[in-house]
Amino acid sequence: MPYFSFVKFILWIQLVAILLSMTTCNTRSRQFVIAFSQCTNEDEWRRNMLREMERALVFYPEVTFIFENAHNDLKEQVADIEKLLKKPIDLLIVSPLEASALTAVIEKAYDRGIPVLLVDRKVNTEKFTAYVGGDNQAIGRQAGHYLARLLNKKGHILEISGLLGSSPSLERHAGFIEATRQYPDLLVSKEIYGDWEKEKAKIALEKVINKYQSIDAIYAHNDVMALGAYEVCKKYGLAERVKVVGIDALPGKSGGIQMVLDKKLEATFLYPTGGEEAIRMAMKILRKKPFPKVNFLPTLSIDYDDALVWKNQTDKILNEGKVLALKEHRLAKDQTLFQYFTLLVMALFVVIGLILVLLYQSARKKKQLRLYTDKIARQNEELEKHTNELKDTQQTLEHRNEELEAQQEELSRHMEEIMTLQENMEQKQGQIEKTNEDLEDQKVTLERLYFQLKIKNNAITDSLRYAKGLQQTIFPGEKELSQIFAEHFVVYHPKDIVSGDFYWMYRQKHKVFFVVADCTGHGVPGAFMSIIGYSLLKEIVVLKKIHQPDHILSTLHREVVKTLKQFESDINDGMDAVVLVLEAMKGVDKINLQFSGAKNEMVYINHQEMLTWKGDKQSIGGYSIGGKPTFELKQMTLEDDSGTIYLFTDGFADTPNPKRRCFGSRKLKTMMMESAHLPLTEQQQIFNEALIAHAQGTAHRDDVTLIGLKPSFDLLKDQQV
Ligand code: FRU
């Protein structure tokens with residue numbers, strides 16, 4: 001069963017139990033508060049009234065009854081009612097001491113909507129809900145007729161009045177006068193006020209008793225004042241003759257019925273207290289049942305003949321009343337016990353219910369607690385996981401932090417260094433400024449020197465140009481070349497004005513010597529070396545008539561070493577060179593070709609075939625000091641003269657472009673192959689353009705020499721030339 005359904009079930013059971021217990025205690029659920037303001041409770045009649053009320057209230061347990069006694073005091077009764085009006089009362093019963101003094105406060109209660117029930121006495125207003133009491137005027141009339149009969153309609157009657165201003169006193173007098181007026185021989189005197197009390201009546205009567213020695217009867221407004229009158233009459237010896245009548249007819253030893261039996265009173269008139277009737281009327285009003293506003297209680301006269309019967313009856317009633325009271329007491333006790341028991345059962349029921357609810361709640365809470373514990377355990381695990389993750393992150397961060405701190409330290413160090421550098425720079429800037437000034441001075445000096453140098457440079461350039469002209473004289477001219485070769489071309493580009501490259505040709509009859517050399521260095525030193533080379537070749541070939549290329553090169557080497565005194569110095573200058581000897585063979589149109597090379601090579605292309613003769617790895621001069629280098633001789637017979645010989649220094653292949661890439665010997669040879677079939681003048685143009693296109697204005701690294709020669713049988717045979 002779900003929790004709320006279970007709790008509802010328990011609460012429903014308890015509610016049913018409470019309702020059941022309430023029905024056993026009390027048949028009517030509505031509770032009432034009835035307040036009763038009594039003018040006095042000092043006499044037996046009033047006490048009787050209260051007893052009757054209490055007896056009647058036994059049947060209305062839902063009523064809470066509040067009683068106030070004003071002790072015959074007008075002010076006290078007004079105050080009592082004011083006090084009661086402040087309480088949550090549902091109905092007010094009042095037995096007013098006097099009419100006019102209590103009218104206002106009763107109207108106040110009535111105006112507030114509280115039902116007001118007057119008992120016994122009235123007030124001067126119609127603002128009351130109901131009245132219960134005897135018909136005092138009727139009682140007065142009965143008393144008048146009774147005494148008229150007793151006195152045979154003739155005589156003198158003294159009237160002892162109740163409290164002046166109280167309604168029973170006024171009405172009892174009015175009724176009495178109304179009746180006795182019918183008897184002309186009856187004289188009624190009224191000047192004594194006993195205020196409803198025996199002693200006051202006695203005092204008042206004694207004051208005037210001498211005056212009324214001849215009276216025949218006394219009409220007292222109640223039995224206690226009548227008894228006082230009897231006692232005064234007895235004192236003055238009038239008791240045998242004066243007939244005394246009173247009102248109330250209370251039972252009991254001190255009641256009016258006993259007074260009649262004791263022959264102290266001639267008769268008494270029944271005046272019911274109205275206690276029981278007042279309670280029944282109050283309940284009718286509270287339960288909104290119909291009721292008459294004025295409710296007179298029955299009355300009758302009781303003389304000696306009736307008194308005994310009345311005494312028996314009233315004694316019986318009194319006894320029964322006592323028994324009833326006892327039973328009521330026991331009943332009340334039993335009822336109280338029953339109520340306690342019911343309450344106990346209810347309390348037990350509630351306690352059991354609460355225990356059940358608590359047990360259920362505790363079980364439920366245990367379950368919830370278990371669920372919470374599981375949940376918390378899960379959360380703890382997650383928390384631990386998070387904590388570990390956080391620890392890892394923290395470690396990473398710490399590590400990163402350390403790195404950052406280290407970087408920061410480094411940065412600080414750098415900053416310090418930068419600061420120091422800045423300071424140094426500032427210092428240096430000062431120095432630089434100073435240096436700048438010095439430089440400015442030097443610049444002026446330099447400009448002057450530059451001007452002088454320029455003049456000198458121009459002079460040197462002029463002399464170099466002249467020297468170039470001189471150097472050109474050692475090279476075979478166009479005419480000489482054309483006399484020996486069918487075609488030829490020369491690509492010759494010195495790096496400076498004068499060159500370290502040179503070529504030399506010498507013809508002796510049908511034999512031609514052709515040398516292409518690349519001297520160490522370039523410019524002026526190269527040019528000097530070329531002149532040495534030229535002189536030595538001339539000496540070796542022309543004078544000494546050494547005509548075999550390998551011998552020419554080895555002799556040239558020795559002569560260079562000798563000329564430059566390289567055996568006693570560390571000057572390693574010399575040259576790379578190829579020597580070519582072309583000789584027309586006797587009787588046949590064939591040419592014998594001999595070749596030796598110091599580092600440099602020769603290319604021969606004929607019928608789209610390329611022949612490359614590499615030179616030896618030995619240079620002329622320099623490193624071979626003291627040694628006797630030999631050079632390989634290579635030779636072959638040219639069966640026809642359609643081929644082309646290419647001689648060149650390394651300057652062409654080593655020419656750099658802006659990216660510092662060399663032209664390359666492979667590219668050079670490819671070009672040779674591709675252009676070999678072309679006329680040599682065209683080839684010269686192709687090679688020149690290719691060199692310029694490759695260099696793109698980049699300064700040459702070395703002197704460039706490339707020579708193309710097409711031998712000719714006829715020209716070589718012609719000895720006239
Ligand atoms: C009691 C009493 C009765 C009388 C009634 C009149 O206080 O004096 O003897 O009949 O009041 O209100």
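This is a predicted model: local features need pLDDT of at least 70, side-chain atom pairs count only at pLDDT 80 or more; totals for chains, interfaces and linings use all residues.
The domain assignment divides the protein chain into domain 1 (134-272 + 297-307) and domain 2 (474-717). The centres of domain 1 and domain 2, taken over C-alpha atoms, are separated by 194 Å.

Helix α2 comprises 14 residues, 44-57, and spans 20 Å from its first C-alpha to its last, close to the 20 Å expected at 1.5 Å a residue. At the start of α2, the backbone nitrogen of Trp45 is approached to within 3.1 Å by a side-chain oxygen of Asp43. Buried residues of α2 include Trp45, Met49, Leu50, Met53 and Leu57, and also Arg46, Asn48 and Glu52. The packing partners of the buried residues of α2 are the strands β1 (32-38), β2 (63-69), β3 (91-95), β4 (116-119) and β9 (243-248), together with α10 (275-286).

In soluble globular proteins, nonpolar side chains tend to be buried together. In this model, the largest nonpolar core contains 64 residues, and Leu92, Ile93, Ile106 and Leu117 have the most contacts inside it. Helix α10 gives the most to this core, contributing seven residues. Beyond its neighbours within four places in sequence, Leu92 contacts Ala35, Ile81, Leu84, Ala109, Ile114, Pro115, Val116 and Leu117. Another core, of 55 residues, lies apart from the largest one and has Met505, Ala517, Val579 and Leu638 among its members.

Lys634 is located in strand β21 (residues 634-638). Its relative accessibility is 18%, so Lys634 counts as buried, the limit being under 20%. Residues touched by Lys634, not counting those up to four places away in sequence, are Leu593, Gln594, Phe595, Trp613 and Lys614. A polar atom of the Lys634 side chain lies 3.0 Å from the backbone oxygen of Lys614. Lys634 and Leu580, 54 residues apart in sequence, have their C-alpha atoms 9.7 Å apart.

Across the whole structure, 18 aromatic pairs were found. The pair formed by Trp45 and Tyr271 is stacked, because the ring centres are 5.4 Å apart and the planes are at 10 degrees. This pair links distant parts of the chain, with Trp45 in helix α2 and Tyr271 in the loop between β10 (267-270) and α10, 226 residues apart. Trp45 and Tyr271 are both buried. Phe485 and Phe514 have ring centres 6.0 Å apart and planes at 75 degrees, so the pair is edge-to-face. Phe485 belongs to strand β13 (residues 485-493) and Phe514 to strand β15 (residues 511-519), so the pair ties together parts 29 residues apart in sequence. Phe485 and Phe514 are both buried. One aromatic cluster is formed by Phe489, Tyr646, Phe652, Phe663 and Phe687.

Technical notes: Residues are numbered from 1 along each chain as its sequence is written. Side-chain values use heavy atoms; hydrogens and water are left out. Domain bounds come from an automatic or database domain assignment. Helices (H or I, at least four residues) and strands (E, at least two) are DSSP runs, numbered from the N terminus. The expected span of a helix is 1.5 Å times one less than its number of residues. Buried means under 20% relative accessible area, exposed over 50%, partly exposed in between (1.4 Å probe, protein chains only). Contact means heavy atoms within 4.5 Å. A polar contact is a pair of N or O atoms within 3.5 Å; within protein, one must be able to donate a hydrogen and the other to accept it, and residues adjacent in sequence count only if both atoms are side-chain atoms. A nonpolar core is a set of buried Ala, Val, Leu, Ile, Met, Phe, Trp, Tyr and Cys residues joined through side-chain atoms within 4.5 Å. Rings of Phe, Tyr and Trp (its six-membered ring) pair if their centres lie within 6.5 Å; planes under 30 degrees apart count as stacked, over 60 as edge-to-face and the rest as tilted.
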